[in-house]
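Open your viewer and get ready to select residues as you go. Each stop below tells you what to pick and what you will find.

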Amino acid sequence: MFREIFYLVTMQLKGVKSYLIGYAFFSLLFPLGFMLEFGSLLSSSYVLYVVSGTLTAYLFIGTFTAVANNLANEMESGRFSLIIGTGIRKEVYSLSIVLSEIVADIVGILTILAIGLYVYHVELKSIPLFIIALCSSIGLSATFGQVLASAIKNPYEVSQYSSVLGFALTFFAPVYYPLSIIPLPFRYLAFIEPSTYVSLAIHYSLEGSPYSLVWSLGAIIMALLLSAMGKISRFLKKVQ
(Lines give C-alpha, C1' and ligand atoms only; values in the text may rest on other atoms or scores of the structure.)
Protein backbone atom coordinates (compact mmCIF):
# COMPACT_ATOMS: atom_id res chain seq x y z
CA MET A 1 0.00 0.00 0.00
CA PHE A 2 2.77 2.45 0.94
CA ARG A 3 4.58 1.66 -2.32
CA GLU A 4 1.39 2.43 -4.24
CA ILE A 5 0.93 5.73 -2.41
CA PHE A 6 4.58 6.69 -3.05
CA TYR A 7 4.21 5.92 -6.75
CA LEU A 8 0.97 7.89 -7.03
CA VAL A 9 2.36 10.89 -5.13
CA THR A 10 5.42 10.92 -7.39
CA MET A 11 3.16 10.78 -10.45
CA GLN A 12 1.05 13.66 -9.14
CA LEU A 13 4.11 15.81 -8.44
CA LYS A 14 5.40 15.23 -11.98
CA GLY A 15 2.05 16.47 -13.27
CA VAL A 16 2.53 19.80 -11.48
CA LYS A 17 4.83 20.92 -14.32
CA SER A 18 1.87 21.11 -16.70
CA TYR A 19 0.17 23.91 -14.76
CA LEU A 20 3.07 25.32 -12.73
CA ILE A 21 2.97 28.89 -14.12
CA GLY A 22 -0.77 29.36 -13.64
CA TYR A 23 -0.63 27.64 -10.25
CA ALA A 24 2.19 29.91 -9.05
CA PHE A 25 0.40 33.10 -10.13
CA PHE A 26 -3.19 32.51 -9.05
CA SER A 27 -2.43 30.41 -5.97
CA LEU A 28 0.67 32.14 -4.58
CA LEU A 29 1.69 35.41 -6.26
CA PHE A 30 -1.84 36.86 -6.37
CA PRO A 31 -2.58 36.18 -2.65
CA LEU A 32 0.89 37.46 -1.68
CA GLY A 33 0.38 40.69 -3.65
CA PHE A 34 -3.04 41.11 -2.07
CA MET A 35 -1.56 40.54 1.40
CA LEU A 36 1.19 43.12 0.95
CA GLU A 37 -1.10 45.79 -0.51
CA PHE A 38 -4.17 45.20 1.61
CA GLY A 39 -2.28 44.62 4.85
CA SER A 40 -0.57 48.01 4.69
CA LEU A 41 -3.97 49.74 4.79
CA LEU A 42 -5.30 48.00 7.90
CA SER A 43 -4.76 48.50 11.60
CA SER A 44 -2.63 46.02 13.53
CA SER A 45 -5.73 44.29 14.97
CA TYR A 46 -6.74 43.11 11.49
CA VAL A 47 -3.31 42.15 10.18
CA LEU A 48 -3.69 38.60 11.49
CA TYR A 49 -6.77 38.18 9.28
CA VAL A 50 -4.73 39.27 6.26
CA VAL A 51 -2.04 36.65 6.94
CA SER A 52 -4.50 33.85 7.76
CA GLY A 53 -6.66 34.90 4.81
CA THR A 54 -3.70 34.73 2.45
CA LEU A 55 -2.86 31.24 3.70
CA THR A 56 -6.50 30.26 3.22
CA ALA A 57 -6.62 31.64 -0.32
CA TYR A 58 -3.37 29.88 -1.20
CA LEU A 59 -4.39 26.52 0.25
CA PHE A 60 -8.04 26.52 -0.73
CA ILE A 61 -7.78 27.89 -4.27
CA GLY A 62 -4.56 26.03 -5.06
CA THR A 63 -5.62 22.64 -3.72
CA PHE A 64 -9.24 22.84 -4.86
CA THR A 65 -8.46 23.88 -8.44
CA ALA A 66 -5.44 21.56 -8.79
CA VAL A 67 -7.34 18.47 -7.63
CA ALA A 68 -10.44 19.31 -9.68
CA ASN A 69 -8.50 19.96 -12.88
CA ASN A 70 -6.13 17.00 -12.44
CA LEU A 71 -8.96 14.54 -11.86
CA ALA A 72 -11.05 15.90 -14.73
CA ASN A 73 -8.13 15.62 -17.15
CA GLU A 74 -7.27 12.11 -15.96
CA MET A 75 -10.89 10.99 -16.24
CA GLU A 76 -11.15 12.29 -19.80
CA SER A 77 -7.85 10.70 -20.84
CA GLY A 78 -8.86 7.39 -19.25
CA ARG A 79 -5.84 7.25 -16.95
CA PHE A 80 -8.04 7.42 -13.84
CA SER A 81 -9.97 4.31 -14.93
CA LEU A 82 -6.73 2.50 -15.69
CA ILE A 83 -5.33 3.27 -12.23
CA ILE A 84 -8.51 2.15 -10.49
CA GLY A 85 -8.60 -0.90 -12.76
CA THR A 86 -5.22 -2.06 -11.45
CA GLY A 87 -6.80 -2.60 -8.04
CA ILE A 88 -5.84 0.70 -6.41
CA ARG A 89 -8.72 1.95 -4.28
CA LYS A 90 -10.20 5.39 -4.92
CA GLU A 91 -9.49 6.33 -1.29
CA VAL A 92 -5.80 5.54 -1.78
CA TYR A 93 -5.72 7.56 -4.97
CA SER A 94 -7.41 10.49 -3.21
CA LEU A 95 -4.89 10.24 -0.36
CA SER A 96 -2.03 10.43 -2.86
CA ILE A 97 -3.50 13.64 -4.29
CA VAL A 98 -3.73 15.19 -0.81
CA LEU A 99 -0.15 14.19 0.05
CA SER A 100 1.17 15.57 -3.24
CA GLU A 101 -0.60 18.87 -2.56
CA ILE A 102 0.93 19.06 0.91
CA VAL A 103 4.41 18.58 -0.59
CA ALA A 104 3.72 21.16 -3.33
CA ASP A 105 2.33 23.70 -0.83
CA ILE A 106 5.22 23.64 1.67
CA VAL A 107 7.28 26.38 -0.02
CA GLY A 108 4.28 28.68 -0.41
CA ILE A 109 3.19 28.19 3.20
CA LEU A 110 6.67 28.97 4.53
CA THR A 111 6.90 32.05 2.27
CA ILE A 112 3.60 33.47 3.54
CA LEU A 113 4.55 32.78 7.18
CA ALA A 114 7.95 34.44 6.68
CA ILE A 115 6.41 37.58 5.13
CA GLY A 116 3.77 37.67 7.86
CA LEU A 117 6.50 37.53 10.51
CA TYR A 118 8.98 40.03 9.07
CA VAL A 119 6.51 42.51 7.55
CA TYR A 120 3.53 42.36 9.91
CA HIS A 121 5.13 40.72 12.98
CA VAL A 122 2.57 37.92 13.03
CA GLU A 123 4.04 34.94 14.85
CA LEU A 124 2.94 31.33 14.65
CA LYS A 125 1.94 30.56 18.24
CA SER A 126 1.28 26.82 17.96
CA ILE A 127 2.95 24.54 15.41
CA PRO A 128 0.88 21.43 16.33
CA LEU A 129 -2.42 23.31 15.94
CA PHE A 130 -1.17 24.80 12.67
CA ILE A 131 -0.23 21.38 11.27
CA ILE A 132 -3.63 19.97 12.22
CA ALA A 133 -5.35 22.96 10.61
CA LEU A 134 -3.29 22.57 7.42
CA CYS A 135 -4.02 18.85 7.10
CA SER A 136 -7.76 19.24 7.67
CA SER A 137 -7.90 22.26 5.34
CA ILE A 138 -6.03 20.55 2.51
CA GLY A 139 -8.17 17.44 2.99
CA LEU A 140 -11.39 19.48 2.74
CA SER A 141 -10.17 21.45 -0.28
CA ALA A 142 -9.06 18.27 -2.07
CA THR A 143 -12.38 16.56 -1.34
CA PHE A 144 -14.27 19.58 -2.70
CA GLY A 145 -12.20 19.45 -5.89
CA GLN A 146 -12.75 15.71 -6.23
CA VAL A 147 -16.52 16.08 -5.88
CA LEU A 148 -16.60 18.86 -8.48
CA ALA A 149 -14.53 16.85 -10.98
CA SER A 150 -16.66 13.73 -10.45
CA ALA A 151 -19.88 15.69 -10.90
CA ILE A 152 -18.93 17.60 -14.07
CA LYS A 153 -16.11 15.50 -15.63
CA ASN A 154 -15.62 17.84 -18.63
CA PRO A 155 -12.16 19.35 -18.00
CA TYR A 156 -12.99 22.67 -19.67
CA GLU A 157 -16.11 23.17 -17.56
CA VAL A 158 -14.30 21.99 -14.44
CA SER A 159 -11.56 24.57 -15.07
CA GLN A 160 -14.13 27.36 -15.38
CA TYR A 161 -16.21 26.33 -12.37
CA SER A 162 -13.20 25.70 -10.13
CA SER A 163 -11.74 29.14 -10.91
CA VAL A 164 -15.03 30.94 -10.25
CA LEU A 165 -15.88 28.94 -7.12
CA GLY A 166 -12.35 29.22 -5.75
CA PHE A 167 -12.32 33.01 -5.82
CA ALA A 168 -16.01 33.42 -4.90
CA LEU A 169 -15.75 31.20 -1.82
CA THR A 170 -12.58 33.02 -0.78
CA PHE A 171 -13.91 36.56 -0.94
CA PHE A 172 -17.53 35.94 0.11
CA ALA A 173 -16.57 33.87 3.16
CA PRO A 174 -14.99 35.25 6.37
CA VAL A 175 -11.45 34.80 5.08
CA TYR A 176 -9.96 38.29 5.28
CA TYR A 177 -12.33 39.55 7.98
CA PRO A 178 -13.96 38.22 11.19
CA LEU A 179 -17.06 36.04 11.04
CA SER A 180 -18.81 38.50 13.39
CA ILE A 181 -18.75 41.22 10.71
CA ILE A 182 -21.30 39.32 8.60
CA PRO A 183 -24.88 40.34 9.55
CA LEU A 184 -26.75 37.61 11.43
CA PRO A 185 -29.30 36.67 8.75
CA PHE A 186 -26.45 35.93 6.35
CA ARG A 187 -23.87 34.72 8.87
CA TYR A 188 -25.37 31.23 8.93
CA LEU A 189 -24.76 30.90 5.19
CA ALA A 190 -21.02 31.08 5.87
CA PHE A 191 -21.22 27.71 7.61
CA ILE A 192 -22.01 25.96 4.32
CA GLU A 193 -18.90 27.41 2.67
CA PRO A 194 -15.83 25.13 2.92
CA SER A 195 -13.47 28.11 2.97
CA THR A 196 -15.00 29.29 6.28
CA TYR A 197 -13.67 26.21 8.10
CA VAL A 198 -10.28 26.48 6.40
CA SER A 199 -9.97 30.16 7.28
CA LEU A 200 -10.98 29.93 10.94
CA ALA A 201 -8.96 26.78 11.62
CA ILE A 202 -5.84 28.50 10.28
CA HIS A 203 -6.62 31.83 11.97
CA TYR A 204 -7.00 30.34 15.45
CA SER A 205 -3.96 28.10 14.97
CA LEU A 206 -1.83 31.19 14.31
CA GLU A 207 -3.16 32.62 17.58
CA GLY A 208 -2.45 29.35 19.36
CA SER A 209 -6.10 29.09 20.36
CA PRO A 210 -7.67 25.64 20.94
CA TYR A 211 -10.70 26.89 18.98
CA SER A 212 -8.63 25.91 15.96
CA LEU A 213 -9.35 22.26 16.77
CA VAL A 214 -13.09 22.95 16.64
CA TRP A 215 -12.86 24.39 13.15
CA SER A 216 -10.43 21.68 12.03
CA LEU A 217 -13.00 19.12 13.18
CA GLY A 218 -15.62 21.09 11.27
CA ALA A 219 -13.43 20.90 8.15
CA ILE A 220 -13.15 17.13 8.52
CA ILE A 221 -16.93 16.78 8.97
CA MET A 222 -17.53 19.01 5.94
CA ALA A 223 -15.14 16.86 3.89
CA LEU A 224 -16.98 13.70 4.94
CA LEU A 225 -20.33 15.29 4.04
CA LEU A 226 -19.06 16.37 0.62
CA SER A 227 -17.65 12.90 0.01
CA ALA A 228 -20.97 11.30 1.00
CA MET A 229 -22.88 13.68 -1.27
CA GLY A 230 -20.58 12.78 -4.15
CA LYS A 231 -21.11 9.05 -3.59
CA ILE A 232 -24.90 9.49 -3.34
CA SER A 233 -24.90 11.52 -6.56
CA ARG A 234 -22.91 8.84 -8.43
CA PHE A 235 -25.21 6.11 -7.05
CA LEU A 236 -28.33 7.98 -8.23
CA LYS A 237 -26.82 8.40 -11.70
CA LYS A 238 -26.14 4.64 -11.91
CA VAL A 239 -29.71 3.87 -10.81
CA GLN A 240 -31.13 6.20 -13.49
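**Whole chain.** Start with contacts. Among those joining residues at least 6 apart in sequence, 79% link residues at least 24 apart. Keep in mind that this is a predicted model. Now colour by secondary structure. You will see ten helices and zero strands. Switch to a surface view. Of the 240 residues in the chain, 48% are buried.

**Phe64 and Phe144.** Next, look for rings. The structure holds six aromatic pairs. Select Phe64 and Phe144: their ring centres are 4.6 Å apart and their planes meet at 15°, so this pair is stacked. Planes under 30 degrees apart count as stacked. Which helices hold the two residues? Phe64 sits in α3 (residues 44-77) and Phe144 in α6 (residues 127-152), so the pair ties together parts 80 residues apart in sequence. Phe60, Phe64 and Phe144 form one aromatic cluster.

**Phe191 and Trp215.** Then jump to Phe191 and Trp215, another stacked pair, with 6.0 Å centre to centre and 10° between the planes. Phe191 lies in the loop between α8 (184-187) and α9, while Trp215 lies in helix α10, so the pair ties together parts 24 residues apart in sequence. Phe191 is partly exposed, at 29% relative accessibility. Trp215 is buried, at 14%.

**Helix α9.** Select residues 194-207. At 1.5 Å a residue, these 14 residues should span 20 Å, and the end C-alpha atoms are 21 Å apart, which agrees. Why call this helix largely enclosed by the rest of the structure? Twelve of its 14 residues are buried. Among them are Pro194, Tyr197, Leu200, His203 and Leu206. Now step just past α9 to Gly208, which takes a positive phi of about 80°.

**Helix α10.** Finish on residues 211-239, the helix that holds Ile220. Show Leu217, Ile220, Ile221, Leu224 and Leu225 together. They form a nonpolar patch on the surface, with about 480 Å² of accessible area together. Click Ile220 itself: it is partly exposed, with a relative accessible area of 41%. Look at the spacing along the helix, too. An α-helix has 3.6 residues a turn, so residues three or four places apart point the same way.

Terms used: Residues are numbered from 1 along each chain as its sequence is written. This is a predicted model: local features need pLDDT of at least 70, side-chain atom pairs count only at pLDDT 80 or more; totals for chains, interfaces and linings use all residues. Side-chain values use heavy atoms; hydrogens and water are left out. Helices (H or I, at least four residues) and strands (E, at least two) are DSSP runs, numbered from the N terminus. The expected span of a helix is 1.5 Å times one less than its number of residues. Buried means under 20% relative accessible area, exposed over 50%, partly exposed in between (1.4 Å probe, protein chains only). Contact means heavy atoms within 4.5 Å. Patches are made of residues with over 30% relative accessible area and no salt bridge: like charges are joined within 9 Å, nonpolar side chains (Val, Leu, Ile, Met, Phe, Trp, Tyr) within 5 Å. Accessible areas come from the Shrake-Rupley method with a 1.4 Å probe; for residues, only the protein chains shown count as cover. A salt bridge is a side-chain nitrogen of Lys or Arg within 4 Å of a carboxyl oxygen of Asp or Glu. Rings of Phe, Tyr and Trp (its six-membered ring) pair if their centres lie within 6.5 Å; planes under 30 degrees apart count as stacked, over 60 as edge-to-face and the rest as tilted.
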